[in-house]
Amino acid sequence: MRTSTPSFSNLIKHPLATIITLFVISLVLLFLPPAVSSRVKMTCAAPMRPVQWATCFCSNKASAFFDKIISALHDAQGKKHLEEQVLQFKNKLVEQQDTIYKLQNKLRNLSKFQAENTTMKKSPIPADIVGYDASNFRKSITINAGSKHGVKPNDVVVSNNALVGKITTVSGRNSVVQLITDPAARIPGRVVQTREQVIVEGNATAFCKLKYAPRWAQLKKGDDIVTSDIGGLYPPSLPIATVVENELKSGALFQSVKVLPRVNISKIESVLVITNSH
Amino acid sequence: MRWFTFLCILFCISLFQSTLMSWINLGSAVPDLYFPLVVFYSFLTDMKRNTLANWLTGMSKDLFSEGSFGINSVLFVAIGFFIWSFREMLFRGHLVTQILITFIFSLIYNVVYTIHLAIFFHSLYLSSTLWMIFCCSFYTALFVPVLFWIFDKFQPTQKLFLFKDH
């Protein structure tokens, strides 16, 4: 007598088997190495990118159009332009201030780093933002520059001379940028005014927090945080954020400091990717 | 349930979620368009179709978000199954039920998701995270009337507007 063997299609017809199968697939994907998982994601999402770009392009155009109408009505166009310039100058000022500190102190390490910096060829790649993170608790953007444009993982992304994030995943024509507000972001920084070394950490809100800010550090509202040369991933003296509030809790080893990133991601349309070609 | 229509809806939701949602943010909270879809199909379809639809929705969200691949599909399948299991006790056709279920389960989903994040990154403030979870869930629930109306237009079903179906 011939017995029929249960085929996959028969098995999948059973509701519980469907659930178990899909759970197992999800768990397998969940425990994939990050590099493989990122590649799978970028490949699967690739056909969607042109549509994403077109939607972003249209929405940006529509937004710009409405902005112009409102500006024409309220004569605010010039103001906006000036505000943008002021922001750029402010960031430049912070950068200059930091450089002055370093020159004044004549730090040996800095001069060594500057010597290295002159030999390093940095070429910025302009890119448009084509997509945002679908999750509320992760902060990343998709840009329309990829390996074909020379973008590599861990390249630094800036806007208006301030840090936006770093490249985490690269495909041919697109890349994913992990923003400084992402919970996984850790950026070595320095407080310009007090010279304290800190770690800027994202926490999925519009703000970031400073990790390891010493209790004795005289931080105050408005202090600027720039990238430090620790770790070598980020170029030094790049503005990151501004201190909004700090709190000293009794018994805590470090201060609790809330900082506001200098770049408002929801208001920018394009970024620059700084590639390091040694 | 028509799969082609479902895939079209999923495509549109992915597109809107990953591009236009940042224009209507409240602070850093944006409405999650995927979640009402999970609730809608949990109310509408049988267990097998519901599971597959929620799994595809989760995978789609995973594709367009940073982090572990598969986490949203696991959570969506689990939540979808849970809603499906007690849907007979609910008056599914009523708008208040739809909004409340979306709000409550969105809260649960966001809490579980942030616990997963907190385990890996230790960088979330409890108070701000709880506030954001509430904002996101509330904002998502506000979109339910519009989204359910659209979904129902594309996937018309009489079942949803009956008190009980046997």
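**Close-up views of a predicted two-chain model**

**Helix α3 of chain A.** At 1.5 Å a residue, the 12 residues of helix α3 (residues 34-45) of chain A should span 16 Å, and the 16 Å between its end C-alpha atoms agrees with this; the expected span is 1.5 Å times one less than the number of residues. This is a predicted model, in which local features need pLDDT of at least 70 and side-chain atom pairs count only at pLDDT 80 or more, whereas totals for chains, interfaces and linings use all residues. Residues are numbered from 1 along each chain as its sequence is written, and chains are lettered from A and ligands numbered from 1 in the order in which they are written. Helices (H or I, at least four residues) and strands (E, at least two) are DSSP runs numbered from the N terminus. The buried residues of α3(A) are A:K41, A:M42 and A:A45, where buried means that 20 or more other C-beta atoms lie within 10 Å of a residue's own, exposed means 12 or fewer, and partly exposed lies in between, with C-beta atoms placed from the backbone. The exposed residues A:A35, A:V36 and A:T43 sit on the face of α3(A) turned away from its buried side. The buried residues pack against α4 (49-74) and β4 of chain A, together with α3 of chain B, a contact being a pair of residues whose C-beta atoms, placed from the backbone, lie within 7 Å.

**The largest nonpolar core contains 47 residues.** A nonpolar core is a set of buried Ala, Val, Leu, Ile, Met, Phe, Trp, Tyr and Cys residues joined through C-beta atoms within 7 Å. The residues with the most contacts inside this core are A:L163, A:V164, A:I180, A:V200 and A:I240, and strand β4 (residues 162-170) of chain A gives the most to it, with 5 residues. Leaving aside residues up to four places away in sequence, A:V164 touches A:V157, A:V158, A:S159, A:V177, A:L179, A:I180, A:V263 and A:V271. A second, separate core has 38 residues, including B:I13, B:I79, B:Y109 and B:L147.

**Two residues of chain A, A:N161 and A:S237, have a positive phi without being glycine.** Most residues other than glycine have a negative phi. A:N161, with phi near 65°, is placed in the loop between β3 (156-159) and β4 of chain A, and A:N161 is partly exposed, with 19 other C-beta atoms within 10 Å. A:S237, with phi of about 65°, lies in the loop between β9 (224-227) and β10 (239-247) of chain A, and A:S237 is buried, with 22 other C-beta atoms within 10 Å.

**Helix α2 of chain B is mostly covered, with 11 of its 11 residues buried.** Among the buried residues are B:Y34, B:F35, B:P36 and B:L44. The buried residues of α2(B) pack against α1, α3, α4, α5, α6 and α7 of chain B.

**Helix α6 (residues 126-142) of chain B has 17 residues, which should span 24 Å at 1.5 Å a residue.** Its end C-alpha atoms are 24 Å apart, which agrees with that span. B:T129, B:M132, B:I133, B:C136, B:S137, B:Y139, B:T140 and B:A141 are buried in α6(B), and the buried residues of this helix pack against α2 (34-44), α5 (95-121) and α7 (144-154) of chain B.

**The contact between the chains takes 44 residues from chain B and 42 residues from chain A.** On the side of chain B that touches chain A, α1 (3-19), α3 (47-63), α4 (71-86), α5 and α6 of chain B each supply at least two residues, and α3(B) gives the most, with 7 residues. The residues of this side divide into 23 nonpolar, 17 polar and 4 charged; Ala, Val, Leu, Ile, Met, Phe, Trp, Tyr, Cys and Pro count as nonpolar, Asp, Glu, Lys and Arg as charged, and the others, Gly among them, as polar. For the complex, the predictor gives an ipTM of 0.73 and a pTM of 0.73.

**Confidence in chain B averages a pLDDT of 84, and 93% of the residues score at least 70.** The pLDDT is the predictor's confidence in each residue, from 0 to 100. Over residues 161-166 of chain B it stays under 50, and for these residues the model has 5 contacts beyond four places in sequence.

Conventions. Contact = placed C-beta atoms within 7 Å.
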